[in-house]
Amino acid sequence: MTMESPKTGILILAVVAVAAAAGGLLGWQIRQQPQTVPAAVGYGKPAGQDHLRATYDPIHFKPAIDTATDAQCLACHREVLDDKVRERSPAGISAAASKAWYQEVSTYAGEQDTFHRRHLVTPMAKELMNLRCTTCHQGNDPREEAPGSSATAMPQSTDAFTLRKQVNPETTCLKCHGQMNIEVMGLPSPWRESKDMFGNSCLTCHAAIRTQRHQVNYLKTEAIEAAGAKNADTCYGCHGGRSWYRIVYPYPRHAWDGMAPEVPDWAKDRPTESEARFRMTATVNPK
Ligand code: HEC
Ligand code: HEC
Ligand code: HEC
Ligand code: HEC
Ligand code: HEC
């Protein structure tokens, strides 16, 4: 290889000098940043806690997350309820004019809204559900976004959330966004096609079958029955009408009055009670 020409040498020197100056400047600017995140920015404790400490706040980890209230989470994460979707996408498409397949259930109402708001604060969410932050969020590990990956970090249970996700979809979303299990119900075809045969009501059968249902602290049991009696889409919405998944959720099979004593094969491995942390008898924190 030839020796560097003096010109290249000077160029390299200049680049190094500029980089060093920029680095110094940046470092200086970073040091000039306030060390606490103001509450108004969202992330950061109102009392004043630096960003890193807030990120690793024990509340994100077991066991503290089990007793966390919504108010505690919202003190730092207010934006999950305050943010609204854009009226128009950057490409100019109006939110009001775009309906997705999951918004075609007849119960869909109101303007386009965010995921969190549709589960926590919109009228239907409040009427039928009683979800909390910790119903879905069971932990968050900023280190690798993998549960249980560190021997020294605060303990996380390994099914608290799945890799790179902030929840465990199988134990949360799938409960309300799985397929309708038409095989076990003995329906001749998908609900959209067979509903007229059954008077377009789930209660044609479910007034007497699997009547011990929704006894969980994140659902409003009576309100669901009342709404479902008026419009089967209320039931269908959570049991196939908004199915993000191709699989069904293996619901617990609670004993009901008039139930046959023999257990069908498909139900042999099913639990007979809801998950412990959601039972009506479980201790629930205030919101
Ligand atoms: C003391 C303030 C504080 C509290 C209280 C708090 N968080 Fe956080 N949380 C943070 C900060 C800071 C981050 C890191 C954000 C970042 O760096 O993008 C974070 C990150 C997260 C993330 C990951 C966000 C992402 O984009 O990766 C989730 C999910 C989360 N928090 C949920 C919760 C839940 C649920 C609660 C209540 C159980 C809670 N947080 C309580 C401050 C807090
Ligand atoms: C229905 C389940 C569910 C509930 C209830 C819920 N979340 Fe989330 N949250 C999610 C999912 C799913 C994500 C996105 C996860 C991902 O991107 O991997 C998320 C993301 C977040 C994030 C990351 C930033 C963002 O907006 O994407 C924060 C912070 C957060 N949630 C806080 C909360 C707080 C605080 C509450 C209670 C007020 C709450 N969540 C209630 C499911 C839920
Ligand atoms: C307890 C039942 C329940 C659980 C658990 C649940 N959802 Fe939902 N989800 C609903 C209901 C009900 C709606 C309809 C809300 C509406 O139309 O106003 C909905 C709507 C949605 C929508 C559409 C929102 C819109 O803009 O129309 C998305 C996306 C979604 N859920 C994703 C998820 C994900 C991801 C999870 C798991 C983190 C989850 N849901 C957990 C009941 C649930
Ligand atoms: C033709 C009668 C019939 C109709 C109509 C019907 N179901 Fe079912 N459903 C059944 C039977 C039978 C079972 C299984 C009973 C058992 O556990 O042995 C069942 C079980 C279920 C289960 C539990 C599935 C599981 O895997 O444990 C859900 C959830 C359910 N039905 C929801 C609905 C909803 C929502 C509708 C209306 C959109 C509906 N069903 C309409 C007969 C019906
Ligand atoms: C907001 C969402 C939502 C709505 C609306 C809803 N369900 Fe469910 N359903 C669930 C969830 C979640 C479970 C599982 C609860 C658990 O783990 O015990 C469930 C469980 C069931 C089961 C299983 C019962 C058992 O043995 O434990 C049946 C049957 C059922 N639902 C039928 C219906 C019918 C009929 C309607 C309308 C009247 C309806 N659902 C409306 C979310 C919903």
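Trainee: Which residues come nearest to ligand 4?
Mentor: M185, C202, C205, H206 and R253, out of the 20 residues around ligand 4. Keep in mind that this is a predicted model.

Trainee: Which atom of ligand 4 faces the side chain of R210, and which faces that of R270?
Mentor: An oxygen atom in each case. The distance to an N or O atom of the side chain is 2.7 Å for R210 and 2.8 Å for R270.

Trainee: Which elements give two or more residues to the shell around ligand 4?
Mentor: α9 (182-185), α11 (203-206) and α13 (232-241). The largest share, three residues, comes from α13.

Trainee: How do the residues of that shell around ligand 4 divide by type?
Mentor: Into 14 nonpolar, three polar and three charged.

Trainee: On to the metals. Which residues coordinate the iron atom of ligand 2?
Mentor: H116 and H137, each through NE2, at 2.0 to 2.1 Å. The donor cut-off is 2.8 Å, so both qualify. H116 sits in helix α5 (residues 115-120), while H137 is in the loop between α7 (133-136) and α8 (173-177). They are 21 residues apart.

Trainee: Why is the arrangement around the iron atom of ligand 2 called octahedral?
Mentor: Its six donor atoms subtend angles of 89 to 180°, which makes it octahedral. The ideal angles for six octahedral donors are 90 or 180 degrees.

Trainee: What are the protein donors of the iron atom of ligand 3?
Mentor: H119 and H177, both through NE2, lying 2.0 Å from the iron. H119 belongs to helix α5 and H177 to helix α8, so the pair ties together parts 58 residues apart in sequence.

Trainee: What arrangement do the six donor atoms around the iron atom of ligand 3 make?
Mentor: Octahedral, because they subtend angles of 86 to 179°.

Trainee: How do you know whether H177 is buried or exposed?
Mentor: Its relative accessible area is 13%. Buried means under 20%, so H177 is buried.

Trainee: And why does H119 count as partly exposed?
Mentor: Its relative accessible area is 23%. That falls between 20% and 50%, so H119 is partly exposed. H116, at 25%, is partly exposed too, and so is H137, at 27%.

Technical notes. Residues are numbered from 1 along each chain as its sequence is written. Chains are lettered from A and ligands numbered from 1 in the order in which they are written. This is a predicted model: local features need pLDDT of at least 70, side-chain atom pairs count only at pLDDT 80 or more; totals for chains, interfaces and linings use all residues. Side-chain values use heavy atoms; hydrogens and water are left out. A residue is near a molecule or strand if one of its heavy atoms lies within 4 Å of it. A polar contact is a pair of N or O atoms within 3.5 Å; within protein, one must be able to donate a hydrogen and the other to accept it, and residues adjacent in sequence count only if both atoms are side-chain atoms. Helices (H or I, at least four residues) and strands (E, at least two) are DSSP runs, numbered from the N terminus. Ala, Val, Leu, Ile, Met, Phe, Trp, Tyr, Cys and Pro count as nonpolar, Asp, Glu, Lys and Arg as charged, and the others, Gly among them, as polar. Donors are N, O and S atoms within 2.8 Å of the metal (3.2 Å for Na, K and Ca); water is not among the atoms, so sites may look incomplete. Four donors count as tetrahedral if all angles lie between 85 and 135 degrees; four count as square planar and six as octahedral if opposite donors are over 155 degrees apart and all others between 65 and 115; anything else is irregular. Buried means under 20% relative accessible area, exposed over 50%, partly exposed in between (1.4 Å probe, protein chains only).
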